[in-house]
Amino acid sequence: MKKRLASLLLALAALTACATAPEQPSQPAPAPPAQQDQQSTAYTFTDALGNTVTVDRPQRVVSFYGSFAEMWVLAGGTLVGTTDDAITQRELPLGDNVTVIGGTKTPNLELALGLEPDFALLSADTSDHVQAAETLRAAGVPCAFFRVDYLEDYLAAMEICTAITGRSDLYEQNAQRVEQQAQAVIQRVRPRLAQNPPTALLIRAYSTGAKAKGMDNLAGVILHELGVKNLVEDHPSLLEELSMEEIIAADPDYIFVTTMGSSQKALDALRDGIQSNPAWASLSAVQNDRYILLPEDLFHYKPNDRWGESYAYLANILCPEG
């Protein structure tokens with residue numbers, strides 16, 4: 001083991017000195033159906049960046065993203081290492097056998113390689129992970145990139161992960177069941193909103209400002225699927241700048257807010273920005289207590305097996321049961 005560790009660290013040092021991050025393909029090639037030999041446990045699939053990956057029941061898995069760490073565990077896998085967001089954001093009960101390898105954007109590759117991983121999960125949207133994969137692959141570690149923004153992405157990722165672990169029962173429990181929950185919510189709410197669709201402004205607040213969001217946001221997708229008309233459909237300029245004049249003219253029925261980074265700093269920036277306009281208080285959504293801050297665990301972090309709860313949360317605001 002010491003000889004193998006030494007060779008891994010030498011590979012890391014050599015590549016770190018000269019490697020540069022490759023460009024991510026803007027449109028990965030269409031993924032062919034994943035394949036599994038009926039007489040073998042090896043599994044081949046195409047990841048989110050178009051890479052062909054083959055793994056065989058990996059037991060020493062390192063995740064470079066807390067959301068994917070949780071997803072892997074939900075698929076019946078075990079971890080030897082993951083990033084600190086698995087604890088700070090996910091509160092995963094990792095146990096003493098799992099090593100924290102740093103932050104999502106600042107992973108410690110030397111520490112990760114020292115765990116002698118046989119599979120690594122990385123984010124297709126993080127450039128540091130693309131560069132890290134070069135080092136990992138050179139050390140003989142199979143790598144797979146995932147991109148999970150919406151429920152469909154989660155279902156596809158779980159199909160791959162449960163195929164790797166051989167736990168189709170967990171796909172039914174932690175993915176198929178979640179899809180059924182979401183579809184049940186849509187079928188309950190959408191017909192009831194169809195004749196008079198409510199309007200909504202979806203805002204994502206940062207410590208430095210705020211922007212309107214549409215179908216590029218999981219809450220925006222859910223609102224659309226439930227039958228809500230997002231203001232950005234008729235006012236696309238709001239995606240670039242929140243214009244108080246346009247918001248007043250449209251007067252949405254609901255205003256939903258998600259935060260990124262420090263929630264309090266984001267809300268303070270929103271209060272000192274657009275909400276400081278005296279006309280803000282005249283909006284129907286504000287006057288009718290329909291200005292709603294959405295919880296981070298359901299609308300900022302990837303919900304994973306709680307995606308059905310995200311649908312239900314918005315549905316119960318728009319169309320309370322009873």
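This is a predicted model: local features need pLDDT of at least 70, side-chain atom pairs count only at pLDDT 80 or more; totals for chains, interfaces and linings use all residues.
Trainee: How many helices and strands does the chain have?

Mentor: There are 13 helices and 13 strands. Both are DSSP runs numbered from the N terminus: helices are H or I with at least four residues, and strands are E with at least two.

Trainee: Why is Cys-161 called buried?

Mentor: Buried means under 20% relative accessible area, exposed means over 50%, and partly exposed lies in between (1.4 Å probe, protein chains only). Cys-161 has 0% relative accessibility, so Cys-161 counts as buried. Cys-319 is buried too, because its value is 6%. Across the chain, buried residues make up 46% of the 322 residues.

Trainee: What makes Arg-57 partly exposed?

Mentor: Its relative accessible area is 30%, so Arg-57 is partly exposed. Arg-57 sits in the loop between β3 (52-56) and β4, and has a positive phi of about 45° although it is not a glycine.

Trainee: And Asn-304, is it buried or exposed?

Mentor: Buried, because its relative accessible area is 0%. Asn-304 also has a positive phi, near 55°, and lies in the loop between α12 (296-299) and α13 (307-318).

Trainee: How do you know that the buried residues of α10 line one face of the helix?

Mentor: In α10 (residues 263-272), Ala-266, Ala-269 and Leu-270 are buried. Seen down the axis, the buried residues of α10 fall within an arc of 100°, so they line one face. That arc is taken from the directions from the helix axis to the C-beta atoms. On the other side of α10, Lys-265 and Asp-272 are exposed.

Trainee: Which strands do the buried residues of α10 pack against?

Mentor: They pack against β9 (199-206), β10 (209-212), β12 (254-259) and β13 (291-293). Contact here means heavy atoms within 4.5 Å.

Trainee: How do you know that β4 and β5 pair?

Mentor: Two strands pair if DSSP finds at least two bridges between them. β4 (residues 61-63) and β5 (residues 79-82) have three bridges, in the parallel sense, with Val-61 opposite Leu-79. β5 and β6 (residues 99-100) are joined by two bridges and also run parallel.

Trainee: What makes β6 and β8 edge strands?

Mentor: The open sheet has the order β6-β5-β4-β7-β8, and β6 and β8 (143-146) each pair on one side only.

Trainee: Which residues touch the most other members of the largest nonpolar core?

Mentor: Phe-119, Tyr-154 and Phe-256, out of 58 residues in that core. Helix α6 (residues 151-165) gives the most to this core, with nine residues. A nonpolar core is a set of buried Ala, Val, Leu, Ile, Met, Phe, Trp, Tyr and Cys residues joined through side-chain atoms within 4.5 Å.

Terms used. Residues are numbered from 1 along each chain as its sequence is written. Side-chain values use heavy atoms; hydrogens and water are left out.
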